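This briefing concerns a single protein chain and is intended for use alongside its sequence and coordinates.

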Amino acid sequence: MLPSCLLSGAASLLQKKDIGLPPGSVVFVGEEKVEPLQFSVVDYTADRLEESVLPSADEVLPYRDSPTTTWINVSGVHDEDAIRTIGDHFGLHPLIQEDIVHTGQRPKLDVYDDHVYVVSKMLYHNDEDDHLRAEQVSFVLGGSYLISFQEDPGDVFDPVRTRLREGRGRIRESGTDYLTYALLDVIVDHYFVILEELGDRAATIEDEVLDDPQTETQERINDLRRDLIFMRRMTWPVRELLSQLERLDSPLWSEETRPFVRDTYDHAVQVLDLVESLRDVVGGLTDLYMTALSNRMNEIMKVLTIIGTIFIPLTFIAGIYGMNFEYMPELTVWYGYPVAMTAMAVIAAVLLLYFRRKEWI
């Protein structure tokens, strides 16, 4: 059974999807936004690099025929006109334009004659609801350009930008296929950061279960389990995507890039293995939580049983004296009541001593 958060997310996408439109219709499907799109360009060769932030989609269009290598990053896909303008100018297939603005796409790879389309998922930890969030990132790989489309400003690509600025490694000497690999590699590497956060949450919950489990502990365990299921659902198709890229037969994808993609594929496999391990840990946390509650209940029942056992003989004595018979000997003896109370105290003390010697308390 799917978690409720996944079902609600899928339902919201279906509600926003305009049913009946022809294929290739550029209709935004996702969380409504009103912020203007942001366009950043990194244009470089092995010897030089130029960065710029452009005000509109029209300013991006001349880079299609640039002799240098160009990375165009578009932050925001809710402006259908801007996406259509870029798509038409760069010759993107209508189905690609439709997929770019439909933020519920599964990670995948589509190959065309003059460009390659790649969809991946960036993962973030949403501090507002303390859950994981996935952001769709689309890459359009052309001959000398790479266009990346992301839903919101802010990403995990700063390490790649730093390597481009400093000219480290082979990134400025390679083509856009290597740049695509580098961006996908950073996305997958960030999964390890998310896993570390989830592992810290699991360790904190484990300490809480062992020390003082509360009613909220079970809810926190369930939240962690939902996040792990969500992460596995996002990561699994990314692994398939990298496997397809490794075997991609296209003049836009060089043979020299394949070993690097294979390395990123191995990282994705490691991520999935770690997710499965954490899921086993969370399953153990549930069992540990139930055991802790059972032990606490057993302790409570033991204390109540001891108290009840002690008061049984005391109640018996009190009951006999409560009958108040006329010929009861103690009625005419002035010290009868103190003797009865002393006997009850001695019986309670003897029972407590017996329980302690048996190590029941």
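Leaving aside residues up to four places away in sequence, Thr180 touches Leu141, Leu146 and Trp253. Thr180 lies in helix H5, which spans residues 176–211. The model is a predicted one.

**Buried positions**

- Thr180 has a relative accessible area of 1%, and because buried means under 20%, Thr180 falls in that class.
- His78 sits in the loop that runs between strand S3 (69–75) and helix H2 (80–89).
- The relative accessibility of His78 is 16%, so His78 also counts as buried.
- With residues up to four places away in sequence set aside, the contacts of His78 are Phe28, Lys33, Val34, Glu35 and Leu37.
- One of these contacts, Phe28, is 50 residues from His78 in sequence, yet the two C-alpha atoms are 5.6 Å apart in space.

**Negatively charged surface patch**

- A surface patch of negative charge gathers Asp127, Glu128, Asp129, Asp130, Glu196, Glu197 and Asp200.
- Among them, Asp129 is placed in the loop connecting strand S5 (116–126) and strand S6 (131–141).
- Asp129 is partly exposed, as its relative accessible area is 42%.

**The chain as a whole**

- Eight helices and seven strands are found in the chain.
- The chain has 361 residues, of which 43% count as buried; Thr180 and His78 are examples.
- Among contacts in the chain with a separation of 6 or more, 65% are between residues 24 or more positions apart.
- The chain exposes about 19,400 Å², and carbon and sulfur atoms supply 56% of that area.

Methods. Residues numbered from 1 in each chain as written. Predicted model: local features only at pLDDT ≥ 70, side-chain atom pairs only at ≥ 80, totals over all residues. Heavy atoms only, no water. Helix = DSSP H or I, 4+ residues; strand = E, 2+ residues; numbered from the N terminus. Buried < 20%, exposed > 50% of the residue type's maximum accessible area, 1.4 Å probe, protein only. Contact = heavy atoms within 4.5 Å. Areas by Shrake-Rupley, 256 points an atom, 1.4 Å probe, with all protein chains shown as cover. Patch = residues over 30% accessible without salt bridge, like charges linked within 9 Å, V, L, I, M, F, W, Y side chains within 5 Å. Salt bridge = Lys/Arg side-chain N within 4 Å of Asp/Glu carboxyl O. Lys, Arg positive; Asp, Glu negative; His and termini not counted. Charge placed at Lys NZ, Arg CZ, Asp CG, Glu CD.
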